Amino acid sequence: MANGPKTEVNLQDAFAGESQANRKYLAFAKQADKEGFPQAARLFRAAAEAETVHALNHLKALGGIKSTRENLLEAIGGETHEFKEMYPPMIAEAQQEGATEALRSFTYANTVEKTHAELYQKAFDVLGQADAQFDYYVCPVCGHTVEKSVPDRCEVCGAAGSVFILIK
Ligand SMILES: [Fe+2]
Ligand SMILES: [Fe+2]
């Protein structure tokens, strides 16, 4: 049966909430490990995994997963919205309020979303080409995302290239 307008909004809210809970619980698990509470860490990771199941079920019920071509176009649109419309006023307001940590966090994200939009566009352009196969690496400090090889230093935050995470 199709979703009514209330269910559509409810699914979107529930998808957002479950997605947030997943990331929050993973952060809480890391903190529990740091504090020497491995059992609490395990439970946070288990619940995080379950929230992902819920989030994906909600997204599926929303009809939010389409073909890869369509998904890449949606991703380009989302990233572009973030760096063109969403982050610039947030950066300005963090500056006005002297919120330095938020300012850094917004600036990292804003810079990297531009790169994401470009990488998605490139991937869209060569989708399915057998010779366009290579790895991506992510900076664990700022999220900077690069293809093929790591730089000596992250161009966005200055972290050493050796800390970049290889994405399989
Ligand atoms: Fe992004
Ligand atoms: Fe970085």
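Modeller: The protein has 4 helices and 3 strands. Helices are DSSP runs of H or I with at least four residues, strands are runs of E with at least two, and both are numbered from the N terminus. This is a predicted model: local features need pLDDT of at least 70, side-chain atom pairs count only at pLDDT 80 or more, and totals for chains, interfaces and linings use all residues. Residues are numbered from 1 along each chain as its sequence is written.

Biologist: What pattern does the protein follow along the sequence?

Modeller: The pattern reads α-α-α-α-β-β-β.

Biologist: Which domains is the protein divided into?

Modeller: Domain 1 (5-61), domain 2 (66-130) and domain 3 (134-168). These bounds come from an automatic or database domain assignment. The C-alpha centres of domain 1 and domain 3 lie 26 Å apart.

Biologist: Why is α1 called roughly antiparallel to α2?

Modeller: Look at the angle. The axes of helix α1 (residues 5-34) and helix α2 (residues 38-61) cross at roughly 160 degrees. Axes are lines fitted to C-alpha atoms, for helices over the stretch in contact, and angles run from 0 to 180 degrees between N-to-C directions. Under 35 degrees counts as roughly parallel, over 145 as roughly antiparallel, 65 to 115 as roughly perpendicular, and the rest as oblique. The crossing angle is roughly 160 degrees, so α1 is roughly antiparallel to α2. Their axes come within 8 Å.

Biologist: Which residue classes make up the contact of α1 with α2?

Modeller: There are 18 nonpolar, 5 polar and 4 charged residues. Ala, Val, Leu, Ile, Met, Phe, Trp, Tyr, Cys and Pro count as nonpolar, Asp, Glu, Lys and Arg as charged, and the others, Gly among them, as polar.

Biologist: What makes α3 roughly antiparallel to α4?

Modeller: Use the angle again. Helix α3 (residues 68-97) and helix α4 (residues 100-125) pack at about 160 degrees, with axes 8 Å apart. That angle makes α3 roughly antiparallel to α4. Their contact has 17 nonpolar, 6 polar and 4 charged residues.

Biologist: Now a single residue. Why is V112 called buried?

Modeller: Count its neighbours. V112, in helix α4, has 21 other C-beta atoms within 10 Å. A residue is buried with 20 or more, exposed with 12 or fewer, and partly exposed in between; C-beta atoms are placed from the backbone. V112 has 21, so V112 is buried.

Biologist: Which residues is V112 in contact with, leaving aside its neighbours within four places in sequence?

Modeller: C142, G143, H144, T145 and V156. Contact means C-beta atoms, placed from the backbone, within 7 Å. V112 and T145 are 33 residues apart in sequence, and their C-alpha atoms are 7.0 Å apart in space.

Notes: Chains lettered and ligands numbered in written order. Contact = placed C-beta atoms within 7 Å.
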